[in-house]
Amino acid sequence: MKTYTQIAGEIGEVSSLPFWKRYDVVDLVYVGYGLLIVTLVVASYLLGSLNLLPRDPQELNLELMMAPPGTSGHLLGTDFMGRDMLARLIVGIQAYFLPGMLAISVALLLGTLFGVLAGYRGGRFDRVITYVNNLIDSFPRLVLILLVIAAFKPDIYVIMLVVGLTNVPVVASLVKGKILFLREKNFIEADIALGVPAGTIILKHILWHNCRSILIIQATLGMAEAILMETSLSYLGFGVQEPTPSWGNMVQSGANYLMRGSFWPSTTPALAILFTILGFHLLGDGLNSILEGRKRV
Amino acid sequence: MTNEALLSVEGLRTYFFSRGKRAFIRSVDDVSLTIAQGETLGVVGESGSGKSITALSVMGLISDGPGVISGSIKFKSNGMERAFLQDLDRFVSVETTEGRIMSVKKDVPAWDRHVGQLMDGIRGRELAMIFQNPKSSLNPFTTIGKQITEAIRLHSDGMTEQEAKERALAWLDRVKIDSPRLRFDNHPYGLSGGMCQRVMVAMALACEPSLLIADEPTTGLDATIQAKIVDLLAELKSELGTAIMLISHDIGIIARLADSVAVMYGGTVVESGPARDIVTRNAASKHPYTAALMASIPSERNIREKKQLQAIEGDVLDTINIPAGCRFFARCNQVTDGIREKCERREPDLREIAPRHRVRCWLYFE
Amino acid sequence: MIGLWRRRTRNKYGVGERPFQVKLSAIRPIALVLSRELAMTVLLLLGVSLVVFTILYFSPGDPFSVLLEGQLSSDDAQKNVREALGVSRSWYAQYWSWLAGMFAGNFGTSIRTGMPVLTELVRTGLNTLVLTLGSLLITLLIALPIALYSAVRGIDRISWPLTMFAYVISALPVFWLGYMVIYFFTHKLGLFPLAFGFASGGRKWLYMLLPIFVLGIGNGTISEVIRFLRQEMSRVMAEDYIRTAKAKGASVWRHAFKEGLLIPVTEIIASKIPFILGGAVIVEQVFNWPGMGRMAWQAAQDRDYPVIMGIAILTAVIVRLGSLFQSVIYVAVNPRASKE
Amino acid sequence: MKRILVVLLLIVAAPLAFASTIEAGPRKDGKPYGGGLSYGEYGRPATLDPITSNEMISLRLTELIFNGLVGINEKQEIVPELAERWERSPDGRVYTFHLRKAVTWHPREGEEPKPFTADDVIFTYKIMTHPKTITPLKVRYEFIDTVEKLDDSSIKFTLKRPILNALAKFSFKIIPKHGPANPNYLTRDDPFVQNPIGTGPYLLKNVTAEREIVLAANENYFKGRPHIDKFTAKPFADQNIMTQALMFNAIDMIVLVNPRDIPEIQGDKRFNLQPYNALSYSFFGYNARNPLLADKRVRTAFTHAVNRQEMLDSFFNGQGTIISGPFAPGSWAYNLDVQPLAFDPEKAKALLREAGFTPGADGIMQKDGKKLALSLKVPIEKESEAVKRVVLAFKNYLKNIGADIRVEFKEWQAWKEDVFFEHDFDIIFASWVFDDSADISSLFHSGEIGPWKNNFGGYSNTEVDGLINESKLTLDHEKRRTINRKLHAILADENPYTFLWTLTNYAGYHKKVRRVAIHPYKFFSYADDWFMEEKDQK
């Protein structure tokens, strides 16, 4: 067999690849799967809001409660009120779609703001923000949420707002860390010296060039967390409330019958959660290694 | 100066596979060098000419990523002889379809293990290296003292902690670090770049290796410090008789320290020979590229002759698709019509035109 | 829960220079950090207590109505309660009296049970600590090997399935996971005793395994830890000083250990504690674990403010301890950090 | 913890039985002694004393630890307990109790058992009525005027006015003079509330680290040592797990089986399911302040629209009785002649039309441009899909007759504030638990309208008020019965609530426990008779 050097010697012509072939297959698969999930989510959101559903998710059927998948036209069976699981799964995503966005955007916006203030301005800002972050960090989160819920009402938006807020410190310190790093490499000073307007430095050079991957990952993780948090709350009875379906309260109400052997009513939504969250996590991973250009062999 | 070759590099090729371009970047392409005991070889060339990669290849530090090496590197020193590149090919396989490289599979862990075995007892003991930007090359989490002591103890068996420490201190003193005992417990961040480089030197020489590879030891330091480091190297060289492979783009430094010189361009050696024949002031250096380099350094002579400094026109060579002919052809300003044909078509080989003085240029071959 | 990178705000390389530094430089910085952390902690505790108290006060429901459950309720009955217990109506007065008590080291007594909050907290807190640290250990035990392996070898046929498995597990709702585990291990296989304390002596630890395990792998912890460790490790592996280590023939691991392993792990421990405490609320209910989480939940529903405040304070303290531990380690291995 | 509205008054009982004399020492029924019984509880009791405690959990435990002057037997008759005899003055204002002698309190560590005397009774009364003591009992004893100690073993109560079944009210538990640290009043931080001492069949042994409450048999219980050696109450936070615990012998008894678990336990040979009907019922309550609901026809229409039988069958396996009026069917006041309104959507629609509603374009009924859209507020209860089911079904039924119900779940405290204080709701779903099913005055009397009062719906009807007052004044049991029957009829027709059902409560327990008799809500009243055969005693 020839050695690669011989081969390399023979090969004169060089061809450039289309971009999708430049990256590691694994990453592309991850991102692909992630995007698939995202599209599914969006699709079912649209289906739900346009009301193009196999059945009415609110239609009760007291004769056919906790039916296993496939029973009389219920593709995924029925829940504890004989409502169609499939329809409710599809509508269920609405519980997370916009609220999740809210949580994420709150976390990202405030987070970046704080982060930039702390890292870029530093000094007093930094101290105040670190304090606020630590403050948020040191709360028993679930208890906090319960009290907030009590004060207002068990509304998914309220919950997600809190979730978003509690994630601000993470993003903030990430961005701050990045900025400190850039500072010590004197990139920022260089920009300032070159008279680049602060806005450009922060928005373009710092956030766009150096923080986008962080932010994207945080976004994907944020969505995943939003879903899990709602599920946990549902278990305690404070998640999205009936009759509005959410994957969380579906798992919860189904789980009451798990020990009694009716396996599906809780498993189906649980799997939905699993695949979705997995999707977001992998999307994050893939995008990360693509944006950071991490090489694998 | 004995003529016995300490390190001899034959036809060294270090390629990196570019996934995007689906081709090899031929950073080092057919390089041959020899360093004799106690000799100082200066490797000069503009950045991107493959100097550092050559050095790293010799150290066996081209492991992670798609880097692959071939050729032969032989190292012979007090009795032991090693061939660093022995059957590394085993760990690499290349897929090609119609003249294109589809992918390069490299079993990194196995490769590393193998290199580890090959270099066992050599790295740090017989072969030491100092790098550019010394600050980040020192482990920021341990005191410099510990780092030096570690190096010493690794390679001198049966030495007690205390002896090692004493020796480390001695070395710190020797590389002219003031109040070594205080410094000993410093972490690198407490030190200036210059000091860090001194520490690196101390660490490298602590086990009296037979060859020291200094990769751009002065870049990134300010001028005065540069001078100091160079002095230090010169001094140590004469004291220890350690062979040095000095890599720099700064001809001044090379001229100052090197016994012999190799000029690299586009991943290969274009001229090599005794320093006096090549980089000394009134040496008539042969290869057009070398000439250009010489012309580009500020010296009274240059200033006197042509009022202003010359820069070399044209860009650094693209090491992916290397032209069939002479690599310097595109930028060469001495091509005569007689040889233009050859220059463009066929790459010249490295020929001896005077004792121990080789040039890779059609101008001198007939 | 996304919060792993959070504590990574200090940078590794020195800013400025310090020509002369005295010997045994490790001690002073640590002292410095300790004092800083302490000051911060005090401030935080004040902040936390104030915020929690305010929220509590403005959330509907009177903490004392729990005393009146099951009686013909009437407005003046509620007033009487406060008179009887000598509690003022104004919230700042209430807060102040509570705070004064705190300074005297007195957490007060629970409104519902009348028991001293502190002793109750210590009792349940210990159980929760066992649960939390145990699960943290599980997480690390599973995540570390996978992370290190894939950091060194990249994605291959061994590391990929493992990673995927970890991701899948940690994408499951923790309480559902708990139910499943109970369903299969106890209900179907009858392997584990069912409720805390029912297992006599020897088998108790066996029971404790389940919740610790579930909390350890549930709720997205592992995937995150793996991701974090892997990134850190491979980042460090690419550092210049690792190359130096190779060049001098020293063991790469010894040099990569501190920054690539020690620090990230401490960071995980520090930053995961608050999150896992949250998860404990769920797991403790599913597995009938007599811990602080259940207590917190009950108290929150009763608006039993002395208890909630106590828990908030304790949580805050634990979180601070976590981050203290982390920064001490960080500074111990890297004194320069103390200068920022 | 189960979330229920409780109106705890005192148990009512049939006319008195004769005092039977019982002496201490081992029982004569020759049943074996020994064995331990552990039962699952919904959470932990707040306190263990009879004065400050106000939850079912504590109520059950105090029943084992303490005694009253009189007790109630399984036939709902009043029987002597701490008092062995009593006289009632002709005008019914003075009651004299002759206390049982040689009754001793549970001994504290290293103490001699102290004798029970009249002072303890007086002490209990004083504590109970002291303004600084917070207890549900206080309001129930305002009818007592003075208490007087005649001698160590006899005591005289003078009432402000004669009342019906006064004797029954003397079953309140007696606590020892030397019990509480504070001799004047009892608060929850008094050590006594956590480790009480009583005269009852079981004494508090210890509370484990897991907050399990362990009771041990009282060797010298005056009715004779109880059979079972040990009672353990184990707190659970998750009902599914509690049932599993029963299934896997981690516990021997569940005091109240969740309806959804009934089939599972029924199917298992090892267990008994014992029904006991609590004096309680569930209902949809309407807010009469809302003009739409002020109209009786609308409320009646709603009641007609709801198919109670279907719900009972499909959600509770039919375990319960549909009711027509404001009394629990277990009670003597319940009027069996009044039939529950039939499920009849057509009639319902007709009634709505009669009330001036017309179907709108969207199928929702409207009256002069006003939609028949109402909010239904429900307290959040962990894993309470039974509640969810009923509520959702209700919404569905009303949709069919063109009423649009917006279900709104609220956290318990918030819900209570909305309903009882702000009165900000249209409909609620809740349950009342009584012990005196005859006294509904606080629910429907217009005098009870106001913040934190039980007539949350603001229902007022002069006739009802009249009847309630009348029944309060009368001293004749029969007369009162007829009044209550009339009351029942009227409210059944007025529909201030849509009365749903009384669910049959089920205690599930391992067959090894024998001769189990259960008190409707105090539960353990007869536990001293329970026993286990030697072979079952582990």
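Q: Buried, partly exposed or exposed: which is B:Met159?
A: This is a predicted model, in which local features need pLDDT of at least 70, side-chain atom pairs count only at pLDDT 80 or more, and totals for chains, interfaces and linings use all residues. Residues are numbered from 1 along each chain as its sequence is written, while chains are lettered from A and ligands numbered from 1 in the order in which they are written. A residue is buried with 20 or more other C-beta atoms within 10 Å of its own and exposed with 12 or fewer, the range in between being partly exposed, with C-beta atoms placed from the backbone. B:Met159 has 16 such atoms within 10 Å, so it is partly exposed.

Q: Which residues is B:Met159 in contact with, leaving aside its neighbours within four places in sequence?
A: B:Met159 sits in the loop between α4 (144–155) and α5 (161–174) of chain B; helices are DSSP runs (H or I, at least four residues), strands are runs of E (at least two), and both are numbered from the N terminus. Contact requires C-beta atoms, placed from the backbone, within 7 Å. With those neighbours set aside, the partners are B:Ile152, B:Arg153 and B:Ala164.

Q: How far apart are the C-alpha atoms of B:Met159 and B:Ile297?
A: Along the chain, the two residues are 138 residues apart.

Q: What share of the residues of chain B count as buried?
A: Chain B has 13 helices and 14 strands. Among its contacts with a separation of 6 or more, 64% join residues 24 or more positions apart. Of its 366 residues, the buried share is 47%.

Q: Roughly parallel or oblique: how do α7(B) and α8(B) lie?
A: The axes of α7 (residues 193–205) and α8 (residues 223–240) of chain B come within 10 Å and cross at roughly 15 degrees. Axes are lines fitted to C-alpha atoms, for helices over the stretch in contact, with angles from 0 to 180 degrees between N-to-C directions. Under 35 degrees counts as roughly parallel, over 145 as roughly antiparallel, 65 to 115 as roughly perpendicular and the rest as oblique. So α7(B) and α8(B) are roughly parallel.

Q: Left-handed or right-handed: how does α4(A) pass α9(A)?
A: α4 (residues 94–121) and α9 (residues 198–236) of chain A pack at about 140 degrees, with axes 8 Å apart. They are therefore oblique. A crossing is left-handed if the near helix is turned anticlockwise from the far one by less than a right angle, and right-handed if clockwise. The crossing of α4(A) and α9(A) is right-handed.

Q: How do the residues of the contact of α9(A) with α10(A) divide by class?
A: These two helices pack at about 40 degrees, their axes 8 Å apart, and are therefore oblique. A:Ile227, A:Glu230, A:Thr231, A:Leu233, A:Ser234 and A:Tyr235 of α9(A) meet A:Trp247, A:Gly248, A:Asn249, A:Val251 and A:Gln252 of α10(A). By class, that contact has five nonpolar, five polar and one charged.

Q: How do the residues of the side of chain A that touches chain C divide?
A: In this interface, 50 residues of chain A are in contact with 53 residues of chain C. Elements giving two or more residues to the chain A side include α5 (123–137), α6 (141–151) and α7 (156–184). That side divides into 32 nonpolar, eleven polar and seven charged.

Q: How far apart are the end C-alpha atoms of α13(D)?
A: The expected span of a helix is 1.5 Å times one less than its number of residues. α13 (residues 477–494) of chain D has 18 residues, so it should span 26 Å. In agreement, the end C-alpha atoms are separated by 25 Å.

Q: Which residues of α13(D) are buried?
A: An α-helix has 3.6 residues a turn, so residues three or four places apart point the same way. Cover for the buried residues includes α11 (441–444) and α12 (462–473) of chain D. The buried residues are D:Arg480, D:Ile483, D:Asn484, D:Leu487, D:His488, D:Leu491 and D:Ala492.

Definitions and conventions:
Contact = placed C-beta atoms within 7 Å. Nonpolar A, V, L, I, M, F, W, Y, C, P; charged D, E, K, R; others polar.
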